[in-house]
Amino acid sequence: MTSSTVRPGLPPRHAAPNVVSVALWCAAVAFVMWSFAGAGLSLERLERGIPALGNMLSRMFPPDTERLPQILSSLLVTFQMAVAGCVLGVVLAFPVAVLAADNLSPHPAVKAAARGLIALFRTVPDLVWALLFVIAVGLGPPAGILAIMVDKIGFAGRFFAEAMEEADKGPREALEALGATRTGVVFSAILPECLPSFVATSLFALEKAVRGSVILGLVGAGGIGVELKVAFDLFDYDTAATIIIAVFLLVLAVEQVSDRIRRCLI
Amino acid sequence: MSGVERFEGVTARSASGAAVAVFDLRKSFGERAVLAGVNVSIAQGESVALIGANGAGKSTFLRCLVRLTEPDHGAIRILDRVVTDLGTKDLRRFRSQVGVVFQKHNLVPRLSALTNVVHGVQSRAGGPRTWLQGLASTEVRDEAHACLEAVGLGERALQRVGSLSGGQSQKVAVARMLMQRPRLILADEPDASLDPKAGEEIMELLLRVAREKSLTLVTVSHRLEHAIRYSDRIIGFGGGGVSFDMSAAAASVVELRTFFSERVAA
């Protein structure tokens, strides 16, 4: 089509920016620059940091496998901690999510309380929960399990509630129309409808728990994180490399297995 | 003013033991009055078709009968109960006696036909044994299977509803309704999403069930020939109220089509 055949009145491809949008863009750029300046990241520090990083990496390889049995034992504890915390969190997230879901909550005040709880559990980092539980129940895996549980109630609770809100309202309405109770509606209509979504969320929660449980050891909540901290504190970088590779393989394996389960179930 | 008091003004026909008696029913959505003072009385064992243009208020009327939509004003008496005055528990008990068949079937597609039918028992009993057919008692499973056989789907009991055709799914919905052992059947366009043959099968099935058990059947339909063939009486909705109320035997498709044309033109 030539330009002469273009119909009159065709709207322009791009609208000319107005003063407000230009000002907003300038403010956004200034905000990002202010953030970099405040964080103290500079080229000079990067230049100094790169050789130090290179030095550390050179000391990491080849990884030292002398302590492999202890590392694998700690890794197993980490995995067990993640599974236990995740299962507890996901199971407890379900009733909280029912109370927080728009279409299922029995009362607006209950919904607000449940949503507030989910928001609290989700926004406070698991590391902070671990610090609190280390004080409460002492050093070791129990504190890690509780920290993971709380974090997963927040994570799974939010996604479970959203899935239940988005579920087809037809089956629910049909059961309400025949006089079913709220519990009957949840377990007969909502739960089967949302099960694939719940399984996917739970597997993501497990992956996240396995990754997160490594860090929890750094604050004394048990598992491989303790080994990693000790290795770095003693500048035992080749042992640290073994730990990092072991963690990487564990997380990769969990992701692969959960991915396969998701594909089978959904 | 209670619903019983309001019923003092109802016509003699509704007062003399009608299965359904509706007095001055009003319902608005925002500024739009869908039902503006509807009065209807339906005798026990009668089969009534509600017809009217889209948005005429037929489905809203039907939903108001079981309070899936709350009326703004008016009184409804069904099976000797003033529905508009019922509290939560009594409403649930009342709904258990009314079988509702929806246009979109409203089944749980991931569950088997048998489990969906077992859900119908929740009108009489609750608890985990009504959530899945595998958990249900032998008596309940037996009755649910008999309901499926009554609609011709006994051999597909364990098939997932999601894999059934539209007509078969609607038959499962009818079987679930039978499982309720209802005293009244409300059907909201049960033939709308089905091909002509399947639509006729469903209408025949509903009428057969209603006749066999002397139940009242109220059906919303856009298929005028179905309204004439499968009902004793036709009520036309339009302009927020009842436009005509005639015997199906005296109605003709041409006459009803003229009513529709006038309504659409208006």
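Exposed means over 50% relative accessible area, and buried means under 20%. The legends below apply these terms to a predicted model.

**Figure 1. B:D80, an exposed residue with a positive phi.** B:D80 counts as exposed because its relative accessibility is 64%. The residue sits in a loop of chain B, between β4 (73-78) and β5 (81-82). Its phi is positive, about 65°, although B:D80 is not a glycine.

Figure 2. B:D24 belongs to strand β1 of chain B, which covers residues 20-29. Phi at B:D24 is about 50°. That value is positive although B:D24 is not a glycine. Relative accessibility is 17% here, so B:D24 counts as buried.

**Figure 3. The open sheet of chain B.** Four strands make up this open sheet, in the order β2-β1-β4-β5. Their pairing is antiparallel. β2 (32-42) and β5 are the edge strands, and each pairs on one side only. Between β1(B) and β2(B), which run antiparallel, there are eight bridges. In this view, B:F29 stands opposite B:R32 of β2(B).

**Figure 4. A helix across the sheet.** Helix α3 of chain B spans residues 58-65. The helix lies across β1, β2 and β4 of chain B. Its direction makes an angle of about 120° with β1(B).

**Figure 5. B:L207 and its contacts.** B:L207 is part of helix α8 of chain B, residues 196-212. Its relative accessibility is 14%, so B:L207 counts as buried. Leaving aside residues up to four places away in sequence, B:L207 touches B:S47, B:L217 and B:Y230. B:Y230 is 23 residues from B:L207 in sequence. In space, the C-alpha atoms of B:L207 and B:Y230 are 6.5 Å apart.

**Figure 6. The second largest cavity.** This cavity has a volume of about 30 Å³. B:Y230, the contact partner of B:L207, is one of the residues that line the second largest cavity. By class, the lining has four nonpolar residues, four polar and no charged.

**Figure 7. The largest cavity, lined by both chains.** The model has two cavities of 30 Å³ or more. The largest has a volume of about 50 Å³. From chain A, the lining takes A:A174, A:A177 and A:L178. From chain B come B:V98, B:V100, B:F102, B:R176, B:M177 and B:Q180. Three elements each supply at least two residues of this lining: α7 (169-177) of chain A, and β6 (98-101) and α7 (166-179) of chain B. Seven of the lining residues are nonpolar, one is polar and one is charged.

**Figure 8. The largest pocket.** About 400 Å³ is the volume of this pocket. Its lining holds 16 residues. Closest to the centre are A:E176, A:A180, B:T88, B:R92 and B:R95. Two or more lining residues come from each of α7 and α8 (182-216) of chain A and α4 (88-95) of chain B. α4(B) gives the largest share, four residues. The lining has seven charged residues, five nonpolar and four polar.

**Figure 9. The second largest pocket.** This pocket holds about 300 Å³ of space. Its lining has 16 residues. Nearest the centre lie A:E173, B:R63, B:F102, B:N106 and B:D188. B:F102 also lines the largest cavity. α7 of chain A and α3 of chain B are the elements that give two or more residues to this pocket's lining. α3 of chain B is the helix that lies across β1, β2 and β4 of chain B.

**Figure 10. A cis peptide bond in chain A.** A:F61 and A:P62 are joined by a cis peptide bond. Omega for this bond is about -5°. A:P62 lies in a loop of chain A, between α2 (43-60) and α3 (68-100).

Note on methods. Residues numbered from 1 in each chain as written. Chains lettered and ligands numbered in written order. Predicted model: local features only at pLDDT ≥ 70, side-chain atom pairs only at ≥ 80, totals over all residues. Heavy atoms only, no water. Buried < 20%, exposed > 50% of the residue type's maximum accessible area, 1.4 Å probe, protein only. Contact = heavy atoms within 4.5 Å. 1 Å grid on protein atoms, 1.4 Å probe; cavity = no way out; pocket = protein on both sides within 12 Å on 5 of 7 lines; lining within 4 Å. Points joined across faces, edges and corners; volume = space filled by probe spheres on them. Nonpolar A, V, L, I, M, F, W, Y, C, P; charged D, E, K, R; others polar. Pairing = 2+ DSSP bridges. Axes fitted to C-alpha atoms, helices over the stretch in contact; angles between N-to-C directions.
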